[in-house]
Amino acid sequence: MSIHIVALGSECPGGVGPGEEAMGQGQLQGGLLWSYLGHGAMAGGPEESSLSNPAFMEYTSHVFGDVTVVVQDCPSWDLLDSDWASVRSVLEQADILVIKYSINDKMAFQQVRNGYAPRLRPLLRHWGVPVILVAVGARLNDEGPPCTCPLCASDWSSCVPHSEGLQLSRDLGATYLELPSLNHVFVGRYFGSVLEYFMIQCLKQKAKERPEKRRSNKLNEPHPPHLEQPARLPPIRVEESSFSKDLQWLLERGGQFADVAFYSGDSGKELGWGHAAVLCAVSPYFRQLLLGPKARERPISRCACRGDGRGDGGPPSLLSTWDGGLGMEDGSRPDGHLAGRLSRLVVKDPLLCLCLWETLMFLYRGAWEWEHLQEAVGEKLKNSLAVAQLMDRVRSFMGRDKGSRDTPNARPTQLGPQSLVNLFNSPLYSDVIFMVQGNVLPAHRAVLVARCDVMAAMFSGKYAEARSRVVPIHGVSSDTFLSFLEYLYTDTCCPASVLQAMAVLVCAEMYQVKRLQHLCEVCVCAYLQSMPSRELASTGISVIRLLRRAKCHNAEQLYVWLLHFIANNYLIFSHKPDFLELSEEEREQVERLRWPSRGYLQELSEYQQRRRKLKKSRCLVM
């Protein structure tokens, strides 16, 4: 048996540069590996003719008595640039790779780390060859003799620090060694121990492979059939979230459900409309302005704070309420505004009057568009000082945490789907009540209309729900409908079980919310795929009936996925009674995709028969 060791790099300061001759016999005998092999090393060898590049110096020796060690040493790294193909062919044959560098040659180390290590790293990880990274030399010290401590930082400008060598070894997946010199103590005790460990592991691996080959050839046993992996289950594609676009649509076209009107403080001109529920959910300022200290107290005239608003830490007084028409039926608007309670807000700040639409759009869509708001406001105001003042006003709307109050450029609190989580199942500004199985579920028409097209038609048309505050819901459990409402408010869905996910899927199909339907499909697939085979065989959940419901409620992705899932677990589902409920077309598709296949089972049966015959023949011989 033999071991092939490939060495790259030079342990001598300066190494072998481009255009210089390869190291001679004297330099070779003073090298790291030659010092370890001792007097038994011989230059050249039987494999010297196979070398296509003379830059590799080859020498052989014997270890452990009869094990031949073939070393191919290349001190010049420039060979990787000039003849990479030959270097790669040599590395493919290596059992152990040794990389060397001098501690006192920092430029060569940096060249190895930045230029050659990235080329070797993917190959070494692919081949799984053990690597030893050896740093040779003592660090210089002008005030005294050379220091042999690996943590010494006496001269980091020209020497390679211990930390950098250790980091390079981690990048290459190598064993790191530092040798102050090449005497027999350091080479034999430290480097030799590590090298011998890897050589023993290599010999064990080779000895393990050889008897298996001899045994298989001698007995001539039949090979078992190859079982292919089951077909990959088709992915479930989920649409991107439209939460921000839905709220933008509510601001642009949802005036029928608006209950907040903005007026200019100077001219009294109407500036726009909004929705109290959304404004109170996303902004502490509007919550304080519209609700006051108590939700039921609504004074006739109120500012958000007294004076300049700085005494109690609140925002400056930018808006005030004028409740001249509060609590009165307002049916005079020609745009179809629903008669009801209306809050009128007077905008006192002139900059906010000019950019009220951009500010409301930002509040509705979310604070991740802070830069877009700055750009839109800058194009409209054309004044950097005015833009900074207006952005400070908007920041006061959003509220700032205690850690960022003193930072003028602090971004406001991040908004998103979680901005309406406080409105979910809350009576705050609720204008509709769903009665589901005797349970009262408050909701807000503005949010429902923006997030669900079916509810938009239900509350906007000439249906009874548009004129009634209490809306009964039939055919859906309260928990299922509550999960449906939770998605509309938070854009998330987390059913607790497979059956709950299917119930929410049916509700989503009823109200034509496609993205929620896809999320439920993903939940069903995740729950089924996480079940081990034993639990899948004993569970009371009928996958065949789930398949029927998925087809009935237009869950096409789940339907296709369940067919593949049944085919991949054919041995489990084919023994269940409900397997006969599959249609002829579905059964043909399952049979075509089944795993394991009929051909494999036939080959397995024949293999087992041959094994039994072979076992009987051995018994007769014995």
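**Reading rings, a sheet and cysteines**

Author: Let us begin with one residue of this predicted model. Phenylalanine 481 is buried, its relative accessible area being 0%.

Reader: Is phenylalanine 434 buried or exposed?

Author: Phenylalanine 434 also counts as buried, with a relative accessibility of 0%.

Reader: How is a pair of aromatic rings described?

Author: One gives the distance of the centres and the angle of the planes. In this structure, a search of the whole model finds 15 aromatic pairs. One of them joins tyrosine 197 and phenylalanine 198, with 5.4 Å centre to centre and 65° between the planes, an edge-to-face arrangement. Tyrosine 197 is partly exposed at 48% relative accessibility, whereas phenylalanine 198 is buried at 16%. For phenylalanine 434 and phenylalanine 481, the ring centres are 5.1 Å apart and the planes stand at 65°, so this pair is edge-to-face. Because phenylalanine 434 belongs to strand 13 and phenylalanine 481 to helix 18, the pair ties together parts that are 47 residues apart in sequence.

Reader: Which residues form one aromatic cluster?

Author: The cluster consists of Phe434, Phe481, Phe484 and Tyr511. A ring may also have a charged group over its face: arginine 451 lies over the face of tyrosine 487, at 5.1 Å from the ring centre.

Reader: What is the order of the strands in the open sheet?

Author: The open sheet has 3 strands in the order 14-13-15, and the pairing is mixed. Strand 14 (439-443) and strand 15 (470-473) are at the edges with a single partner strand each, so one side of each has no neighbour in the sheet. From one strand to the next, the twist averages 30°. Strand 13 (residues 432-436) and strand 15 run parallel and are joined by 4 bridges. Within this pairing, isoleucine 433 has valine 470 of strand 15 as its bridge partner.

Reader: Where does helix 18 lie?

Author: Helix 18 (residues 478-490) lies across strand 13, strand 14 and strand 15, and runs at about 10° to strand 14.

Reader: How many disulfides does a search of the whole structure find?

Author: The search finds 0 disulfides. To judge such a case, one compares the distance between two cysteine sulfur atoms with the cut-off of 2.5 Å. The cysteine sulfur closest to that of cysteine 507 is in cysteine 452, 8.8 Å away, which is too far for a bond. Cysteine 507 is buried at 1% relative accessibility, and cysteine 280 is buried with a relative accessible area of 1%.

Conventions
Residues are numbered from 1 along each chain as its sequence is written. This is a predicted model: local features need pLDDT of at least 70, side-chain atom pairs count only at pLDDT 80 or more; totals for chains, interfaces and linings use all residues. Side-chain values use heavy atoms; hydrogens and water are left out. Two strands pair if DSSP finds at least two bridges between them. Helices (H or I, at least four residues) and strands (E, at least two) are DSSP runs, numbered from the N terminus. Axes are lines fitted to C-alpha atoms, for helices over the stretch in contact, and angles run from 0 to 180 degrees between N-to-C directions. Contact means heavy atoms within 4.5 Å. Buried means under 20% relative accessible area, exposed over 50%, partly exposed in between (1.4 Å probe, protein chains only). Rings of Phe, Tyr and Trp (its six-membered ring) pair if their centres lie within 6.5 Å; planes under 30 degrees apart count as stacked, over 60 as edge-to-face and the rest as tilted. A charge sits over a ring if NZ of Lys or CZ of Arg is within 6 Å of the ring centre and within 35 degrees of the ring normal.
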